[in-house]
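Welcome! Have a look at the chain below, and then let us walk through a few of its features together.

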Amino acid sequence: MKILCGVYPHGTYEGDVVYDGKVLRLGTRSIRQAIEEGIAIVYQELTLVPKMTVGENIYLGKEPRRGRSIDWDKLYPIPPAC
């Protein structure tokens with residue numbers, strides 16, 4: 001998973017990662033490149049930032065924005081009524 005999401009950049013491991021029909025070569029800014037390709041990982045840590053909510057921890061560093069502010073409606077969408 002760390003190779004796929006860019007923690008280990010291309011060339012630090014053997015073999016190729018083929019994603020969407022092409023070889024994925026994530027470089028020095030590999031985590032950001034993976035996100036731009038639509039690949040991200042949610043680590044299974046019990047507490048990443050203890051004072052933040054689960055949603056805030058999941059979106060940490062890539063919060064949905066409305067201008068310069070966090071778009072809380074996108075971060076916590078209201079589910080449809082059952």
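Asp-20 sits in the loop that links strand 1 (17-19) to strand 2 (22-24). Keep in mind as you look that this is a predicted model. Is Asp-20 buried or exposed? Its relative accessibility is 71%, and because anything over 50% counts as exposed, Asp-20 falls in the exposed class.

The backbone here deserves a glance too. Most residues other than glycine have a negative phi. Asp-20, though not a glycine, has a positive phi, near 55°.

## The nonpolar core

In soluble globular proteins, nonpolar side chains tend to be buried together. Which residues make up the largest nonpolar core here? There are seven: Cys-5, Tyr-13, Val-17, Leu-24, Leu-26, Ala-34 and Ile-39.

Leaving aside residues up to four places away in sequence, Ala-34 is in contact with Leu-4, Cys-5, Gly-6, Leu-26 and Ile-39. Among these contacts, Cys-5, Leu-26 and Ile-39 are also members of the core.

Ile-3, Val-7, Tyr-8, Ile-31, Ile-35 and Tyr-43 together make a nonpolar surface patch of about 480 Å².

One of the patch residues, Ile-35, belongs to helix 1, which covers residues 30-36. With a relative accessible area of 32%, Ile-35 is partly exposed, since that class lies between the 20% and 50% limits.

## Around helix 3

Asp-71 lies in the loop between strand 4 (69-70) and helix 3 (72-75). Why is Asp-71 classed as buried? The reason is its relative accessibility of 6%, because buried means under 20%. Setting aside residues up to four places away in sequence, Asp-71 touches Pro-64, Arg-65 and Arg-66.

How many aromatic pairs are counted? The count is one. That pair is formed by Trp-72 and Tyr-76, with 6.5 Å from centre to centre and 5° between the planes, so it is stacked. Both partners are partly exposed: Trp-72 has a relative accessibility of 42%, while Tyr-76 has 38%.

Note on methods:
Residues numbered from 1 in each chain as written. Predicted model: local features only at pLDDT ≥ 70, side-chain atom pairs only at ≥ 80, totals over all residues. Heavy atoms only, no water. Core = buried A, V, L, I, M, F, W, Y, C linked by side-chain atoms within 4.5 Å. Buried < 20%, exposed > 50% of the residue type's maximum accessible area, 1.4 Å probe, protein only. Contact = heavy atoms within 4.5 Å. Phe/Tyr/Trp six-rings, centres within 6.5 Å; stacked < 30°, edge-to-face > 60°. Helix = DSSP H or I, 4+ residues; strand = E, 2+ residues; numbered from the N terminus. Patch = residues over 30% accessible without salt bridge, like charges linked within 9 Å, V, L, I, M, F, W, Y side chains within 5 Å. Areas by Shrake-Rupley, 256 points an atom, 1.4 Å probe, with all protein chains shown as cover. Salt bridge = Lys/Arg side-chain N within 4 Å of Asp/Glu carboxyl O.
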